[in-house]
Amino acid sequence: MVNDILNEADSKMHKTVEVLRKDLATVRAGRANPAILDKVTVDYYGTPTPINQLANISVPDPRMITIQPWDKSSIKDIEKAILKSDLGLNPSNDGIVIRLSIPQLTADRRAELVKTVKKKGEDAKIAIRNIRREVIDDIKQVEKEKLVSEDDAKKAQEKAQKLTDKIIKDIEDILEKKEKEVMEV
């Protein structure tokens, strides 16, 4: 009973960390990363479609992303979607391939991105703490219903806290790594 609660908490916490990782991958650092295009959707025949489902995306060098649409008629739509996104990139196309040149980040932009990274990290930590609170409430409920002993409930709460501490530490490590990446010149 208590193990099921803890296993579910572990699963939820790890999913939260994965969501954070994916979210941070879309934050543009100083070098080319195709993941920055993950949230950009193109109006393709009336349907919002992710770029990676319309084209081959590659990184030929650290400051360049190339997008080669499978359907050449969608090149203008892809270009428009990139311009409308909040990436701040100007696409250039030669009719076959769209090239995105990743400019050096200014110090102000880096500081802004670090704030964004920290906010996403704080949101993830809050989500983890909410999961911990729910788990402890569930354990107390099970104890109240006399389905587990007081000692077992206490141990389970300690395990929940240890798991929370470990996950929060993982999040801090992820954030530290991303901040270094953003601050790299």
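This is a predicted model: local features need pLDDT of at least 70, side-chain atom pairs count only at pLDDT 80 or more; totals for chains, interfaces and linings use all residues.
Local features need pLDDT of at least 70 and side-chain atom pairs count only at pLDDT 80 or more, while totals for chains, interfaces and linings use all residues. Residues are numbered from 1 along each chain as its sequence is written, and side-chain values use heavy atoms, with hydrogens and water left out.

The protein chain has four helices and six strands, in the order α-β-β-β-β-α-β-β-α-α from the N terminus. Helices (H or I, at least four residues) and strands (E, at least two) are DSSP runs, numbered from the N terminus.

The C-alpha atoms of the protein chain fill a box of roughly 70 × 40 × 25 Å along the principal axes. Of its 185 residues, 39% count as buried, meaning under 20% relative accessible area with a 1.4 Å probe, protein chains only.

Helix α1 (residues 2-25) packs against helix α4 (residues 150-183) at an angle of about 10°, and their axes lie 11 Å apart. Axes are lines fitted to C-alpha atoms, for helices over the stretch in contact, and angles run from 0 to 180 degrees between N-to-C directions. The two helices, α1 and α4, are therefore roughly parallel, a label for angles under 35 degrees.

On the α1 side, the residues in contact (heavy atoms within 4.5 Å) include V2, L6, M13 and L24. Their partners in α4 include A156, L163, I167 and K178. By class, the contact of α1 with α4 has 15 nonpolar, two polar and four charged residues. Here Ala, Val, Leu, Ile, Met, Phe, Trp, Tyr, Cys and Pro count as nonpolar, Asp, Glu, Lys and Arg as charged, and the others, Gly among them, as polar.

How values were computed. Angles under 35 degrees count as roughly parallel, over 145 as roughly antiparallel, 65 to 115 as roughly perpendicular and the rest as oblique. Buried means under 20% relative accessible area, exposed over 50%, partly exposed in between (1.4 Å probe, protein chains only).
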